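Welcome! Please take a look at the structure below, and then we can walk through some of its features together.

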Amino acid sequence: MEISRHDKEILRSLASELAEIASLPVQKEKAEMWKRLNKLEDVKPMVWINEIPWHEMNVNDELTLQCESEFCRMIEQHLRQTIYQWRHLRADMVIEPKIYCPKVIYDTGFGISEDSDVVKIDSNNPVVSRHFHPQIQSEEDIEKIKYPVVTYDADATEERYQLMCYIFDGILPVEKIGAPGFWFAPWDLLVTWWGVEELMIDLVERPELVHKAIARLVDAHLHRLDQYESLGLLSLNNGPVRVGSGGYGYTDELPKPGFNPEHVRAIDLWGCATAQIFVAVSPQMHEEFAVKYEKRWLDRFGLSYYGCCEPLHRKMDMLRRNIPNLRKVSMNYRVNIDEAVEAVGRDYVFSYKPNPAVLAEAVWSVEKARAELEYVLKRAKAKGCIVEIIMKDISTVNYQPHRLWEWAKMASELAEEYSQ
């Protein structure tokens, strides 16, 4: 692979801008604040934005790609989006002075591909509506779930690494990185093969079949994890890496004793789990069909994050019983806030997800967004909760980027008002 002078100059210019931002003292200050939050120490509510509708955000060509090769365009996109977020959606984001080179890893997957009908409202938006066609309907169908085979291409990784070192020489160091943790949501995957209504009915009518299917899928996930661990393909996530559906994983509690930087173990990482399809399922059923299986995964990790969009305010007792290394719990706008802050208290990070629909309404109202957030923060502060505010799942801002800019500014100011 050859890099043109044109592409190299563009990437070096962007990297120089990123290096300047990364050198600011505020980066270390914010990192320390995230570390304190994750240690359950008193700190202001931390604010971060992700899952951004980038196809709607371009202003003054800040996100317009100019490189020619696909390899360089991939790097350019990351650099432009990071700089853009720093300029307009900063909140409490942290930028470290390095460039990451992902290791080239191949994975055969679980043997089943989603079969669904897709409906799009906006052809540019990757968020779509889907109707799943069931592929698991009998015990024989469970055998369709295969155990992944993971392989590492060291030569391709080295080639990519040397190219990036050549591009960014003298500006930013390049660091090879494997998998900094995993998004573990076996139920979110299983439902795409089973069908939503079909699965909900089978929880009651064919529970043994459901148990066999989720057990096999979790076994397959653990088989994959074992390979990543044995092949040395894990990387730490105790820095500016998203943990679960929440914020950064900064902590000095990881890695664990016995850590070898050449062979990172799962116990050195944050783990996460979620079962979003169980939104309306009872705590007892959630524990029986989800948490008891997810526990097998989470027990492998040093610290854990649980949840995403499923309301957990009435399921905290279940999580306390089953997940001893739990540190952060997702609480979104659907929860009963008074019950939620009481249930979480100071025992875990209260990872709050505001309603992103406020950004999509016909008429944008930052005052309405502020009222929702202030309602939550007032009650969380009364119970001494350690809070992170994560705006995510942003499907659209109605092609008005300033809405998210204004939300970021408002949320940051409000978090300061409610600092401990």
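Let us begin with helix 11, whose buried residues are Ala-369, Leu-373, Val-376, Leu-377 and Ala-380. Buried means under 20% relative accessible area, exposed means over 50%, and partly exposed lies in between, using a 1.4 Å probe and protein chains only. Viewed down the axis of helix 11, these buried residues fall within an arc of 95 degrees, so they line one face of the helix; the arc is that of the directions from the helix axis to the C-beta atoms. The face turned away from the buried side of helix 11 carries the exposed residues Glu-367 and Ala-382.

Helices (H or I, at least four residues) and strands (E, at least two) are DSSP runs, numbered from the N terminus. The buried residues of helix 11 pack against helix 10 (337-344), strand 11 (349-353), strand 12 (386-391) and helix 12 (402-417), where contact means heavy atoms within 4.5 Å. After helix 11 comes Gly-384, with a positive phi near 70 degrees.

## About the model

This is a predicted model, in which local features need pLDDT of at least 70 and side-chain atom pairs count only at pLDDT 80 or more, while totals for chains, interfaces and linings use all residues. Residues are numbered from 1 along each chain as its sequence is written, and side-chain values use heavy atoms, leaving out hydrogens and water.

## The nonpolar cores

How many residues does the largest nonpolar core have? There are 89, and those with the most contacts inside this core include Trp-187, Tyr-306 and Trp-407. Helix 7 (residues 207-230) gives the most to this core, with ten residues. A second, separate core of 39 residues includes Ile-10, Cys-101, Val-174 and Ile-386. A nonpolar core is a set of buried Ala, Val, Leu, Ile, Met, Phe, Trp, Tyr and Cys residues joined through side-chain atoms within 4.5 Å.

## Aromatic rings

The structure holds twelve aromatic pairs. Rings of Phe, Tyr and Trp (its six-membered ring) pair if their centres lie within 6.5 Å; planes under 30 degrees apart count as stacked, over 60 as edge-to-face and the rest as tilted. Phe-182 and Trp-297 form an edge-to-face pair, 6.0 Å centre to centre with 80 degrees between the planes. This pair links distant parts of the chain, 115 residues apart. Both Phe-182 and Trp-297 are buried.
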